Amino acid sequence: MTLSPVTPDPSISEDLLAAGRKAYDLDRAHVFHSWSAQRAITPMTVLRAEGSHVWDGEGHRLIDFSSQLVNTNIGHSHPAVVRAIQEQAATIATINPAHVNAARSEAARLVADLAPGDLDHVFFTNAGADAVEHAVRMARLHTGRPKVLSAYRAYHGGTDLAFALTADPRRNAVDTARAGVVHFLPSYPYRSYFDATTEQEETERALAHLEQTILLEGPQSIAAVILESIPGTAGIYVPPAGYMEGVRELTRRHGILFIADEVMVGFGRTGEWFGVDHWGVVPDLLTFAKGVNSGYVPLGGVAMSEAVYETFAERPYPGGLTYSGHPLACAAAVATINAMEDEGMVAHAAHLGADVIGPRLREIMAAHPSVGDVRGLGAFWAVELVTDRATKEPMAPYGGSSPAMADLVAECRRLGMLPFQNMNRIHVAPPLNTPDEVVRHGLDVLDQALAVTDAHVTG
Ligand code: PLP
């Protein structure tokens, strides 16, 4: 069946459309946008957001396959969370973080309960980047060592140190070759940096490379290895069997702390509460943000092991934030986690991956020569577009986009689905509670839209 372009939703009033046009004009006059050449962009206006849908500036209803920046794990406007924020605002809207407040205490208890192993103490931050900054600071003070190792291609945040740890092309423009940051090659089976042809080879060679990096840098100078449990922005390449366990073993052997960056995958995205749970790996520090409260109010944090906690049990931790554990953000986290538990959202994400998204994406790959690879877990999948399957030539260059990719995104939107695009990839990351039939419809849109990139196949 051929899908038709979506038409404006008649329930969107003329007044709302007019308010959207005004907001757009003010945006272009006064708002400075992230990561963008300001005059080169035409940002999409959002008039309404509900569950797994958003309405654009012309009133088209789109399935949100991006979860915005992969944060609305419970969808938009979840009533229980909206209510919790309203109730919290009516009691204690904000408070000095030195004081105890009930929302923060309960949020910390819930995070500690869900986090693996002995990660029982939580420092709350405003978002993911500052969670990474504090995790590294804790690791440096705990070990007395200066260096931190992170993977090439990774994204760890936009603040100074988090951006230095980031090794995607956006960093290059402002890189200060910051002392103490060393990068290593990630495990990325589809485009193996180690010429591996099997998962086992990839695991063995990627771990041997990391071990050599550690030995050549000098283990006694390395405080931590930080790794996204499943690299997100860089391409959702799920680590091959044994890799994460190997990183844990290597770091432990050399007295190096392992920081799992769970900012994008934490809180159910991959069908487990945390990415590391897929491999039973317990890091020393775990950073989180986004899904902890679906981003309804900015919140991030670091969960730390008993040993790291003990370092700061008798000596002060040199760090803090005015809004550490902000009551509105923490009330939203408590309500979000409870809603996820009550409504079985993590299990539903696992089901979506195993029974809906994975099988359908494999069918789509078989039908479309421009699809080079599909991979993922739970509600977190990448579709990698190529012009030639044999050479794996990407449909857009590393660090850029291309007319073919821009046209693919436009076609998805025309047919009613909002995708997440990065370079030559489309990421399929709907809210975890999206009903099967809505996800199926979004995948039908992708299937039809891929005719656009198929036309650019040269191989
Ligand atoms: N770490 C990872 C793995 C991320 O994906 C992100 C954001 O996408 C960050 C850190 C930074 O989080 P924030 O944008 O909340 O600072």
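What share of the contacts in the protein chain with a separation of 6 or more comes from residues 24 or more positions apart? Such residues account for 72% of those contacts, where contact means heavy atoms within 4.5 Å.

Before you start selecting, note that this is a predicted model, in which local features need pLDDT of at least 70 and side-chain atom pairs count only at pLDDT 80 or more, while totals for chains, interfaces and linings use all residues. Residues are numbered from 1 along each chain as its sequence is written, and side-chain values use heavy atoms, with hydrogens and water left out.

**The whole chain**

Select the protein chain and colour it by secondary structure: there are 14 helices and 16 strands, taken as DSSP runs (helices H or I with at least four residues, strands E with at least two) and numbered from the N terminus. The radius of gyration, taken over C-alpha atoms with a globule rule of 2.2 Å times the number of residues to the power 0.38, is 22 Å, close to the 23 Å that the rule gives for 459 residues, so the chain is as compact as a globular protein of that length. Along the principal axes, the C-alpha atoms fill a box of roughly 65 × 60 × 40 Å. Of the 459 residues, 57% count as buried, which is to say under 20% relative accessible area, with exposed meaning over 50% and partly exposed in between (1.4 Å probe, protein chains only).

**The ligand**

Now show distances for the polar contacts (pairs of N or O atoms within 3.5 Å). A polar backbone atom of Gly128 is 2.9 Å from an oxygen atom of the ligand, and a backbone N or O atom of Ala129 lies 2.8 Å from a ligand oxygen. At Tyr155, a backbone N or O atom lies 3.5 Å from a nitrogen atom of the ligand. The protein covers 82% of the 390 Å² of accessible area that the ligand has on its own, by the Shrake-Rupley method with a 1.4 Å probe.

**The segment after α14**

Finally, move to His456, in the segment after α14 (451-454), which counts as partly exposed at 35% relative accessibility. Leaving aside residues up to four places away in sequence, His456 touches Thr387, Met395 and Ala404.

Definitions and conventions. A polar contact is a pair of N or O atoms within 3.5 Å; within protein, one must be able to donate a hydrogen and the other to accept it, and residues adjacent in sequence count only if both atoms are side-chain atoms.
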